[in-house]
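Q: I should like to learn how to read the features of a protein model. May we go through them one at a time?

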Amino acid sequence: MKAEKPTDPRRSEWMGRVRTSGTSAEQDVALCLRSMGLSYRRNVRSLPGSPDFANKSGKWAVFVNGCFWHHHTNCRRAAIPKANFVFWAAKFASNRRRDARVIRDLRKRGFRVTVVWQCRTRDPEVLRLSLAKALRRLPVRASEMDFRECAHGRESPP
């Protein structure tokens, strides 16, 4: 997609200061993953889309998407700016197509992929539950394991 000349230099400067990594939403997800005892690498460039968090041996990847930039459906933060509307509509459509392609590529490689939206990172317990569900409740710490569902299908006494 060819970039159009910005209509407002102040707006362009302001948008240019938006961080692409190390956002508060990413920090919230990192804290949650660490509390779950999961090991990961950040911004893994060797994988399609450079996932924000990934574990190659565990075959999982997490993308932390900003609601505005990735145009989160039915989210108030995903409004399309009125100025230069055509540009922004095309930009968001392009971002969504790219996101879908990247997720498809990772899944073809056998990865479990989850997207965490910026607006969903505010409640740590909800975030933890959604990550546990998306990552298929990968038990790491003995205190978090349900011993009735231990490896190899054997049951341990409670």
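Predicted model: local features only at pLDDT ≥ 70, side-chain atom pairs only at ≥ 80, totals over all residues.

Q: Which residues form one aromatic cluster?
A: Rings of Phe, Tyr and Trp (for Trp, its six-membered ring) are paired if their centres lie within 6.5 Å; planes under 30 degrees apart are stacked, those over 60 are edge-to-face, and the rest are tilted. In this structure, Phe 68, Trp 69, Phe 87, Trp 88 and Phe 92 make up one aromatic cluster. A search of the whole structure gives seven aromatic pairs.

Q: How many helices and strands does the protein have?
A: Helices (H or I, at least four residues) and strands (E, at least two) are DSSP runs, numbered from the N terminus. The protein has four helices and four strands. Along the sequence, they follow the pattern α-α-β-β-β-α-β-α.

Q: What span should helix α3 have, and what span does the model give?
A: The expected span of a helix is 1.5 Å times one less than its number of residues. Helix α3 covers residues 85-108, so its 24 residues should span 34 Å; the end C-alpha atoms are 35 Å apart, which agrees.

Q: Which residues of α3 are buried?
A: A residue is buried under 20% relative accessible area, exposed over 50%, and partly exposed in between (1.4 Å probe, protein chains only). An α-helix has 3.6 residues a turn, so residues three or four places apart point the same way. In α3, the buried residues are Phe 87, Trp 88, Phe 92, Asn 95, Asp 99, Val 102, Ile 103 and Leu 106. For the protein as a whole, buried residues make up 34% of the 158 residues.

Q: In what order do the strands of the sheet stand?
A: Two strands pair if DSSP finds at least two bridges between them. Here, four strands form an open sheet in the order β1-β2-β3-β4, with mixed pairing. Strands β1 (41-42) and β4 are at the edges with a single partner strand each, so one side of each has no neighbour in the sheet. Two bridges pair β1 with β2 (residues 53-55) in the antiparallel sense, and Arg 42 stands opposite Phe 53 in β2.

Q: How many bridges join β3 to β4?
A: Six bridges join β3 (residues 60-65) to β4, and these strands run parallel. The chain passes from β3 through α3 to β4 in a right-handed β-α-β crossover. Right-handed describes a path from the first strand over the helix to the second that runs clockwise when the strands point away from the viewer.

Q: Which residues does Leu 33 touch?
A: Contact means heavy atoms within 4.5 Å. Leaving out residues up to four places away in sequence, Leu 33 touches Leu 38, Tyr 40, Phe 53, Trp 60, Leu 131 and Leu 135. Leu 33 lies in helix α2 (residues 24-35) and is buried, at 0% relative accessibility. Leu 33 and Leu 131 are 98 residues apart in sequence, while their C-alpha atoms are 8.0 Å apart in space.

Q: What is the phi of Asn 43 and of His 71?
A: Most residues other than glycine have a negative phi. Asn 43, in the loop between β1 and β2, has a positive phi near 45°. His 71, in the loop between β3 and α3, has a positive phi of about 50°.

Terms used: Residues numbered from 1 in each chain as written. Heavy atoms only, no water.
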